[in-house]
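Subject: Handing over the structure

Hi there,

Here is the structure I promised to pass on to you. Have a look at it first, and then read on for my notes.

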Amino acid sequence: MIYELRIYTIHPGRIDAIRKRFSDHTLGIFARLGMQVCDFWEDLEEQPKLYYTMKYESMEERTRQWEVFSQDKEWNEVKQKSEEDGKIVASVEQIFMKRAEYFVI
């Protein structure tokens with residue numbers, strides 16, 4: 001199992017747009033496509049950032065899921081409409097992780 005931490009830095013003044021896009025559309029599209037979000041956070045100090053983790057069986061599965069997502073008709077329509085007033089995401093940082101063998105939940 002691998003985990004991906006995704007850190008989104010949002011353009012100034014666009015944090016409400018990304019919140020709306022995730023809550024109204026993106027999380028539902030992820031679920032429909034079988035993409036598993038483990039947790040989701042906003043910056044405590046109110047920086048324009050979002051953080052979330054996703055879980056995959058392998059890097060190959062991760063690559064396949066994101067390819068399907070990027071080509072999804074609904075996603076592309078939502079992205080285009082949500083960016084009519086300008087881009088939302090300035091950058092995305094991706095960190096890939098594996099659970100430490102010595103940590104037991």
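**A buried salt bridge**

Arg62 and Glu4 are both buried, where buried means under 20% relative accessible area, exposed means over 50%, and partly exposed lies in between (1.4 Å probe, protein chains only). The two form a salt bridge whose closest N and O atoms are 3.0 Å apart; the term stands for a side-chain nitrogen of Lys or Arg within 4 Å of a carboxyl oxygen of Asp or Glu. This pair links distant parts of the chain, with Arg62 in helix H2 and Glu4 in strand S1, 58 residues apart. Helices (H or I, at least four residues) and strands (E, at least two) are DSSP runs, numbered from the N terminus.

Before you go further, please note that this is a predicted model, in which local features need pLDDT of at least 70 and side-chain atom pairs count only at pLDDT 80 or more, while totals for chains, interfaces and linings use all residues. Residues are numbered from 1 along each chain as its sequence is written, and side-chain values use heavy atoms, with hydrogens and water left out.

How many salt bridges does the structure hold? There are 11. One of them joins the side chains of Arg32 and Asp72 (2.9 Å, N to O). Here too distant parts of the chain are linked: Arg32 is in helix H1 and Asp72 in the loop between H2 and H3, 40 residues apart. Arg32 is partly exposed because its relative accessible area is 47%, whereas Asp72, at 10%, is buried.

Glu83 pairs with Lys79 in another salt bridge, with 3.1 Å between the closest N and O atoms. Salt bridges that share partners join Arg21, Lys79, Glu83 and Lys87 into one network. Within it, Glu83 counts as buried at 16% relative accessibility, and Lys79 is partly exposed at 27%.

In soluble globular proteins, nonpolar side chains tend to be buried together. In this model the largest nonpolar core has 17 residues, and Tyr8, Phe22, Phe30, Tyr52, Met54, Trp66 and Phe69 touch the most other members. Such a core is a set of buried Ala, Val, Leu, Ile, Met, Phe, Trp, Tyr and Cys residues joined through side-chain atoms within 4.5 Å. S1 (2-10), H1 (15-32), S3 and H2 (59-71) each supply at least two residues of this core, and H1 gives the most, with 5 residues.

H1 has a kink of about 50°, centred on Phe22; the bend at a residue is the angle between axes fitted to the seven residues ending there and the seven starting there. Leaving aside neighbours within four places in sequence, Phe22 is in contact (heavy atoms within 4.5 Å) with residues including Tyr8, Phe40 and Tyr52.

Thr26 is also in H1, and its relative accessible area of 2% is why Thr26 is buried. Not counting residues up to four places away in sequence, Thr26 touches Arg21, Phe69 and Trp75.

**Two loops to look at**

Gly13 is found in the loop between S1 and H1, and is exposed because its relative accessible area is 80%. Glu46, in the loop between S2 (36-42) and S3 (49-56), counts as exposed at 73% relative accessibility. Its phi is near 60°, a positive value in a residue other than glycine.
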